[in-house]
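Please look through this structure with me.

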Amino acid sequence: MLPGNCMKLLMMVMAATAAIAIDAAEEDGGVGANFPAGVLLLERVFPVNHSVGLEELIARDRARHARILQSFAGGVVDFPVIGSSDPFILGIYYTKVKLGSPPREYNVQIDTGSDILWVTCSSCNDCPQTSGLGVELNFYDITSSSTASLISCSDSMCVSSECSSETNQCTYTFHYGDYSGTTGYYVSDLIYFDTVLGTSLIANSSTPIVFGCSTSQSGGLTKMDRAIDGIFGLGQQGLSIISQLSSRGISPKVFSHCLKGEGNGGGILVLGEILNPSIVYSPLVPSKGHYTVYLQSIAVNGQILPVDPGVFVSSGDRGTIVDSGTTLVYLASEAYEPFVNAITAIVSPSARPIISGKRPCYLVSSSIDDMFPPVSLNFAGDASMDLRPADYLAHMGFLEGAAMWCVIFEKNDLGLTILGDLVLKDKIIVYDLARQRIGWAEYDCSLPVNVSITSGKDEFTNAGQLSVSSSSSSVPVNLRTDALLSLFWELMIGSYLCSLTSIFLVVFP
């Protein structure tokens with residue numbers, strides 16, 4: 001008879017074998033197939049069939065931009081409130097994070113235009129209890145987590161100028177340009193993720209992070225039709241999850257996303273570097289709170305628009321920012337008119353230009369790909385972002401028997417150019433904070449991606465059902481299955497050693 005520990009090992013081998021079989025079945029499309037924990041799976045905030053008026057969408061984007069430009073005292077960073085969706089194919093995306101002990105899952109909107117992860121507290125007085133987005137709302141309860149702790153006013157992580165003298169709690173209050181707001185406090189608790197330790201093995205991990213707990217909300221935050229559990233701020237400042245994890249060597253100081261534009265949307269978000277040979281990089285403007293890039297010119301059908309380069313220079317509130325929390329694209333007014341005029345001049349022989357609700361539109365009788373010109377946004381470092389007609393046009397119905405396609409870019413009289421999901425979708429986007437650069441490449445975001453895995457501090461990465469690579473090779477694998485196989489062989493070796501021990505005890509009692 002085997003010792004008790006050996007019997008346990010054999011039972012674990014059987015369990016691992018069953019798990020591998022189930023995983024293989026799921027990979028082949030069986031019921032229950034999904035991404036493993038650790039891939040930050042992205043979903044639309046609004047369902048595909050959820051219609052949102054374009055003017056409402058623009059109003060929400062502009063309200064957000066008023067908040068982006070607003071300064072806060074005491075080092076408190078921009079805090080987005082409302083997301084929206086293109087009425088046709090676009091969406092604001094969210095992911096799932098697990099917090100607390102025992103862990104609970106929260107749906108949080110990903111946002112590169114803000115820095116703080118926050119979720120709604122169970123003690124929130126006037127927060128929505130249900131959501132029109134088809135998701136169940138969860139509320140964080142600090143008393144239900146055995147690993148939670150409050151952040152005191154004297155804590156180095158307390159960046160707020162507001163503190164409660166009675167409780168010594170690090171608190172915050174934000175008021176925004178659209179008259180919405182939130183009040184809450186900072187808390188420390190565990191966040192859960194998977195870390196790639198080798199070319200295939202992932203280990204379940206957790207670490208304490210500081211995030212906001214919202215106890216009161218007002219304005220747009222109280223609307224049930226677009227309520228969600230919170231916001232996942234992916235900015236560069238000290239309280240962002242990227243900054244907190246990279247400072248401890250848990251993840252690299254780089255993250256990437258790939259937002260699927262068509263079908264059901266979705267995509268992936270990786271706390272690490274997605275690799276692709278087509279990625280081009282452009283430097284970030286230093287000392288900016290947002291991801292600001294050096295846009296140098298815009299070309300339509302290969303011809304540079306006659307726009308003064310000074311229009312794109314980053315100074316004051318001017319410049320070009322990359323913001324996944326914005327849906328559309330907003331061009332500085334000095335560039336908007338030349339952009340529309342160039343397109344109109346090219347397509348007017350075969351498409352009839354009209355104005356619909358002050359928006360430039362075209363009556364089209366054939367495919368827009370055959371008729372409308374390609375556009376390129378040209379950045380520092382000889383990096384261009386190529387746009388298809390579907391990236392700057394939207395089908396707005398029919399008129400006089402012809403399809404009406406309208407320019408979906410918006411004019412921004414504030415001088416700020418904002419690149420939202422309209423041009424970020426269907427691309428790998430890499431935010432390399434360590435090297436202060438942003439990279440991108442066209443990609444089918446329904447496919448697996450390659451993720452860099454190298455050794456040393458700031459060189460670990462989170463991953464899920466991805467392809468992983470070292471600095472010298474790229475090896476496509478299913479991380480979940482490989483982790484189970486590794487566990488299987490470890491248990492088999494353990495069982496074999498247990499058997500040898502039993503034989504030794506029989507022969508040499």
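1. The disulfide count comes to 5. Keep in mind that this is a predicted model.

2. Start with Cys121 and Cys213, whose sulfur atoms sit 1.5 Å apart in a disulfide. The torsion about their S-S bond is about 130 degrees, so this disulfide is right-handed. Cys121 is in the loop between strand E4 (117-120) and E5, while Cys213 is in strand E8 (residues 202-218), so the link ties together parts 92 residues apart in sequence. Cys121 and Cys213 are both buried.

3. Next come Cys158 and Cys170, joined with an S to S distance of 2.1 Å. Their S-S torsion is 90 degrees, and the link is right-handed. Cys158 and Cys170 each lie in the loop between E5 and E6, 12 residues apart. Are they buried or exposed? Buried means under 20% relative accessible area. Cys158 has 13%, so it counts as buried. Cys170 has 0%, so it is buried too.

4. Now find Cys361 and Cys406, a disulfide with its sulfur atoms 2.0 Å apart. This link is right-handed, with 100 degrees about the S-S bond. Cys361 belongs to strand E20 (residues 359-364) and Cys406 to strand E24 (residues 402-407), so the pair connects parts 45 residues apart in sequence. Cys361 is buried at 1% relative accessible area. Cys406 is buried, also at 1%.

5. Turn to strand E21 (residues 375-379), where 5 of 5 residues are buried. In a regular strand, side chains alternate between the two faces of the sheet. Val375, Leu377 and Phe379 are on one side of E21, Ser376 and Asn378 on the other, and both faces are covered.

6. Which strands pair with E21? Strand E15 (residues 295-300) runs antiparallel to E21, joined by 5 bridges. Here Leu295 has Phe379 as its bridge partner. Strand E22 (residues 383-387) also pairs antiparallel with E21, over 5 bridges. E21 and E22 make a hairpin with 3 residues between them, and Gly381 in the turn has a positive phi of about 85 degrees.

7. Finally, check the backbone. Most residues other than glycine have a negative phi, and most peptide bonds are trans. Asn168 has a positive phi of about 60 degrees. Asn168 is partly exposed, at 38% relative accessible area. Ser287 also has a positive phi, near 60 degrees. Ser287 is exposed, with 78% relative accessibility. The peptide bond from Ser101 to Pro102 is cis. Pro102 lies in the loop between strands E2 (93-99) and E3 (104-111).

Definitions and conventions
Residues numbered from 1 in each chain as written. Predicted model: local features only at pLDDT ≥ 70, side-chain atom pairs only at ≥ 80, totals over all residues. Heavy atoms only, no water. Buried < 20%, exposed > 50% of the residue type's maximum accessible area, 1.4 Å probe, protein only. Helix = DSSP H or I, 4+ residues; strand = E, 2+ residues; numbered from the N terminus. Pairing = 2+ DSSP bridges. Disulfide = S-S within 2.5 Å.
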